[in-house]
Amino acid sequence: EGPAADMAKKMMTQMVEGIKGSIELKADNTCTMSMEMMGNKQDTTGTWKLDGDKLSITAKKDGKDDTKVAKFADGVISIEEDQGGKKMTLAFKKAAK
């Protein structure tokens with residue numbers, strides 16, 4: 001606790017609020033993902049499979065298959081990430097048209 005902890009919390013909050021991302025799941029089981037954070041944008045393509053509420057998304061990372069398992073419930077995709085030892089859940093919901 002204290003001023004250093006408060007500053008770190010504020011910086012983390014600003015970083016998280018600055019994250020923009022999207023996942024497009026296509027009918028042919030391919031997908032496109034886009035993530036923008038602190039001015040860096042990364043676009044990725046891959047494949048997806050839904051088994052109950054478990055959504056598996058596979059994309060190439062460093063030439064190898066990298067599979068993330070997410071939860072899909074109530075129209076929301078929730079992916080848990082580990083950032084420097086801290087768990088963070090990213091939630092994606094269908095965008096309004």
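Reader: How do S3 and S4 pair, and over how many bridges?
Author: They are antiparallel, with six bridges between them. This is a predicted model, to be clear.

Reader: Which residue is the bridge partner of threonine 47?
Author: Threonine 58, in S4.

Reader: And what sits between S3 and S4?
Author: Two residues, in a hairpin. Glycine 52 is in that turn and has a positive phi of about 70°.

Reader: How many bridges join S2 to S3?
Author: Eight, and those strands run antiparallel.

Reader: Changing topic. What is in the largest nonpolar core?
Author: Twelve residues: Cys31, Met33, Trp48, Leu55, Ile57, Ala59, Ala70, Ile77, Ile79, Met88, Leu90 and Phe92. The elements that each give two or more of them are strands S2 (30–37), S4 (54–61), S6 (76–83) and S7 (86–93).

Reader: Why would such residues group together?
Author: In soluble globular proteins, nonpolar side chains tend to be buried together.

Reader: Take phenylalanine 92. What is it in contact with, leaving aside neighbours within four places in sequence?
Author: Gly21, Ser22, Ile23, Met35, Gly75, Val76, Ile77 and Ile79. Ile77 and Ile79 are also on the core list, as is Phe92 itself.

Reader: Now pockets. How much space is in the largest pocket?
Author: About 780 Å³. The lining has 26 residues, and Met35, Gln42, Thr44, Lys68 and Glu81 lie nearest the centre.

Reader: Which strands supply at least two residues of that lining?
Author: S1 (20–25), S2, S3 (40–51), S4, S5 (64–73), S6 and S7.

Reader: And by class, what is the lining of the largest pocket?
Author: Twelve nonpolar residues, seven polar and seven charged.

Reader: What volume does the second largest pocket have?
Author: About 350 Å³. Of the 16 residues that line the second largest pocket, Ile23, Leu25, Ile77, Lys93 and Lys94 lie nearest its centre.

Reader: Where does the largest share of that lining come from?
Author: From S1, which gives five residues. S3 and S7 each supply at least two as well. By class, the second largest pocket is lined by ten nonpolar, three polar and three charged residues.

Key:
Residues numbered from 1 in each chain as written. Predicted model: local features only at pLDDT ≥ 70, side-chain atom pairs only at ≥ 80, totals over all residues. Heavy atoms only, no water. Core = buried A, V, L, I, M, F, W, Y, C linked by side-chain atoms within 4.5 Å. Buried < 20%, exposed > 50% of the residue type's maximum accessible area, 1.4 Å probe, protein only. Helix = DSSP H or I, 4+ residues; strand = E, 2+ residues; numbered from the N terminus. Contact = heavy atoms within 4.5 Å. 1 Å grid on protein atoms, 1.4 Å probe; cavity = no way out; pocket = protein on both sides within 12 Å on 5 of 7 lines; lining within 4 Å. Points joined across faces, edges and corners; volume = space filled by probe spheres on them. Nonpolar A, V, L, I, M, F, W, Y, C, P; charged D, E, K, R; others polar. Pairing = 2+ DSSP bridges.
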